[in-house]
Amino acid sequence: IIVHLKFSKCSMKLKHLQSALSTVPTPQFPSPHIALEQYGTSPLLTSHVIHTALSRDDVGPGMSVCDLGSGTGMLGIGSALVGCSLVICVDCDEGAMAIARENFVVMGIDNSLVDDEEEEEEGE
């Protein structure tokens, strides 16, 4: 999943980020694959990771984020919520990516959602 966003400034407080992330419809894996070491990233943990990165200027407006092993997309969604202009989520599990896509759409972070599988099919 690749999302291009346009934000100018973000000063989101931790509690607001946690509140926003708590509305993600599927933050956890419904049936995790043990061989893929899948585990859910809770809204609480995600908000703290993103807020810490934001305070260190590692994420934020105009920045790019690549979440490898993104699962349900929680870190990508959190990055988008704090104003990152490019968020790339990568996972080898198609089921996880389907959940992540739906989570991005439901959260309203789909203004430039790109699905690389759809692009590959169109190019063939």
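**Notebook: helix H3 and its surroundings**

I began with helix H3, whose buried residues pack against H1, H2, S2, S3 and H4. For packing I counted contact as heavy atoms within 4.5 Å. Helices (H or I, at least four residues) and strands (E, at least two) are DSSP runs, numbered from the N terminus.

I note that this is a predicted model, in which local features need pLDDT of at least 70 and side-chain atom pairs count only at pLDDT 80 or more, while totals for chains, interfaces and linings use all residues. Residues are numbered from 1 along each chain as its sequence is written, and side-chain values use heavy atoms, with hydrogens and water left out.

**Helix H3**

I looked up burial, where buried means under 20% relative accessible area, exposed over 50%, and partly exposed in between (1.4 Å probe, protein chains only). H3 is largely enclosed by the rest of the structure because six of its eight residues are buried. These are Met-74, Gly-76, Ile-77, Gly-78, Ser-79 and Ala-80. Just after H3, I found Gly-83 with a positive phi of about 105°.

**Nonpolar core**

I then searched for nonpolar cores, meaning sets of buried Ala, Val, Leu, Ile, Met, Phe, Trp, Tyr and Cys residues joined through side-chain atoms within 4.5 Å. The largest has 19 residues, and Val-59 and Ile-77 have the most contacts inside it. Two or more residues of this core come from each of H1 (14-21), H2 (43-55), H3, S3 (86-90) and H4 (94-106). Beyond its neighbours within four places in sequence, Val-59 is in contact with Ile-50, Ala-53, Leu-54, Val-65, Val-82 and Cys-84.

**Largest pocket**

I took a pocket as an open set of points on a 1 Å grid over the protein atoms alone, where a 1.4 Å probe fits, with protein on both sides within 12 Å along at least five of seven lines; lining residues have an atom within 4 Å of a point. Grid points are joined across faces, edges and corners, and the volume is the space filled by probe spheres set on the points. The largest pocket holds about 300 Å³. It is lined by 16 residues, with Tyr-39, Thr-41, Gly-69, Ser-70 and Gly-71 the closest to its centre. S2 (64-68) and H3 (74-81) each give at least two residues to the lining.

By class, the lining has seven nonpolar, six polar and three charged residues. Here Ala, Val, Leu, Ile, Met, Phe, Trp, Tyr, Cys and Pro count as nonpolar, Asp, Glu, Lys and Arg as charged, and the others, Gly among them, as polar.

I checked Thr-41 separately and placed it in the loop between H1 and H2. Thr-41 is buried at 18% relative accessibility. Leaving out residues up to four places away in sequence, Thr-41 touches Pro-27, Gln-28, Thr-46 and Met-74.

**Positive phi**

Most residues other than glycine have a negative phi. I noted Glu-37, with phi near 55°, in the loop between H1 and H2. Asp-57 has phi near 60° and sits in the loop between H2 and S2. Glu-37 is exposed at 64% relative accessibility, and Asp-57 is exposed at 60%.

**Cysteines**

I searched the whole structure for disulfides (cysteine sulfur pairs within 2.5 Å) and found zero. The Cys-89 sulfur has its closest cysteine sulfur in Cys-66, 8.0 Å away, which is too far for a bond. Cys-89 is buried at 2% relative accessible area, whereas Cys-92 is exposed at 64%.
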